[in-house]
Amino acid sequence: QVALGANSPFLLGKALWHETRIPLFEQATDTRPDELKNQGVRPRVWFGERWITSIFDLFEENVRYFPGLLPETCPEDPMEVLADGRAPSLRELRLHNGTVWRWNRPVYDVVDGVPHLRVENRVLPAGPTVVDLIANAMFFYGAQRALVNEDRPLWTQMSFQAAEENMYAAAKHGLTAQLYWPGIGWIPPDELVLR
């Protein structure tokens, strides 16, 4: 997906990665001093470190690894709201979650009184045209559908580190990247898509 949709190879007149916005955003938002980096404190723009079994793992990691940036207290008692048969707003969680920029970000929200959970794919580029945007989204949803229908889940066949390396190789090299795929080995993105 990253290799196919890559469309930001330039910054300030310099040719950089095929999808430069990924390392640019990571570097621009990383305010950790070297001491914290050396201690293993995670950056707020983050790919992750392991496969998850539930969207709740992502929320739990966000709260565990990242302190709140903006204090907000809401008088709402979520347990009382649930006891009344309504969906809690969880404003503190939503605010905090908005300060962690994962490439696949968990979202809890309430719309017209109906709660929902979703995972936002933040790697998809916004353009350069509407046609590109729609094509990238269609490919993403088609790939998701194909992966869901597989006999064996992807995370049982490929290490999380390989997935992370694939994303960065695709961002850096675009269609000339070499990606690892289970059962195939190393392959360029265009051939992987055709397979």
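Student: Which residue stands opposite Tyr108 in E6?
Tutor: Opposite Tyr108 stands Leu117. Before going on: this is a predicted model, where local features need pLDDT of at least 70, side-chain atom pairs count only at pLDDT 80 or more, and totals for chains, interfaces and linings use all residues. Residues are numbered from 1 along each chain as its sequence is written, and side-chain values use heavy atoms, with hydrogens and water left out.

Student: Which residue is the bridge partner of Val107?
Tutor: Arg118, in E6.

Student: How many residues lie between the strands of that hairpin?
Tutor: There are 2 residues between E5 and E6, and in this hairpin Asp112 takes a positive phi near 50°.

Student: Back to Arg118. Which residue does Arg118 form a salt bridge with?
Tutor: With Glu120, the closest N and O atoms being 3.1 Å apart. A salt bridge here is a side-chain nitrogen of Lys or Arg within 4 Å of a carboxyl oxygen of Asp or Glu.

Student: Is Arg118 buried, exposed or partly exposed, and why?
Tutor: Arg118 is partly exposed because its relative accessible area is 32%. Buried means under 20% relative accessible area, exposed means over 50%, and partly exposed is in between (1.4 Å probe, protein chains only).

Student: How many salt bridges are there?
Tutor: The count comes to 13 salt bridges. One of them joins Glu61 and Arg102, with the closest N and O atoms 2.7 Å apart. That pair links distant parts of the chain, since Glu61 is in helix H4 (residues 55-65) and Arg102 is in strand E4 (residues 101-102), 41 residues apart.

Student: Are Glu61 and Arg102 buried or exposed?
Tutor: Glu61 counts as buried at 2% relative accessibility, and Arg102 counts as buried at 3%.

Student: What about Arg195, which residue does its side chain meet?
Tutor: Arg195 meets Glu191 in a salt bridge (3.1 Å, N to O). Arg195 is exposed, with a relative accessible area of 61%, while Glu191 is partly exposed at 33%. Elsewhere, salt bridges that share partners join Arg50, Asp57, Glu61 and Arg102 into one network.

Student: New topic, aromatics. How many aromatic pairs are there?
Tutor: The count is 9 aromatic pairs. Rings of Phe, Tyr and Trp (its six-membered ring) pair if their centres lie within 6.5 Å; planes under 30 degrees apart count as stacked, over 60 as edge-to-face and the rest as tilted. One of the pairs is Phe140 with Tyr141, which is edge-to-face: 5.0 Å centre to centre, with 70° between the planes.

Student: Which of those two is buried, and which is exposed?
Tutor: Phe140 is buried, with a relative accessible area of 14%. Tyr141 is exposed, at 56%.

Student: Why is the pair of Tyr180 and Trp186 edge-to-face?
Tutor: Because the planes of the two rings are at 65°, with the centres 5.8 Å apart. Tyr180 is partly exposed at 26% relative accessible area, and Trp186 counts as exposed at 57%.

Student: Which residues form an aromatic cluster?
Tutor: Phe25, Trp101 and Trp103 form one.

Student: Last topic, the surface. Which residues make the nonpolar patch of about 400 Å²?
Tutor: Val130, Leu133, Ile134 and Met138 make it. Met138 is found in helix H7 (residues 130-148), and counts as exposed because its relative accessibility is 58%. Patches are made of residues with over 30% relative accessible area and no salt bridge: like charges are joined within 9 Å, nonpolar side chains (Val, Leu, Ile, Met, Phe, Trp, Tyr) within 5 Å. Accessible areas come from the Shrake-Rupley method with a 1.4 Å probe; for residues, only the protein chains shown count as cover.

How values were computed
Two strands pair if DSSP finds at least two bridges between them. Helices (H or I, at least four residues) and strands (E, at least two) are DSSP runs, numbered from the N terminus.
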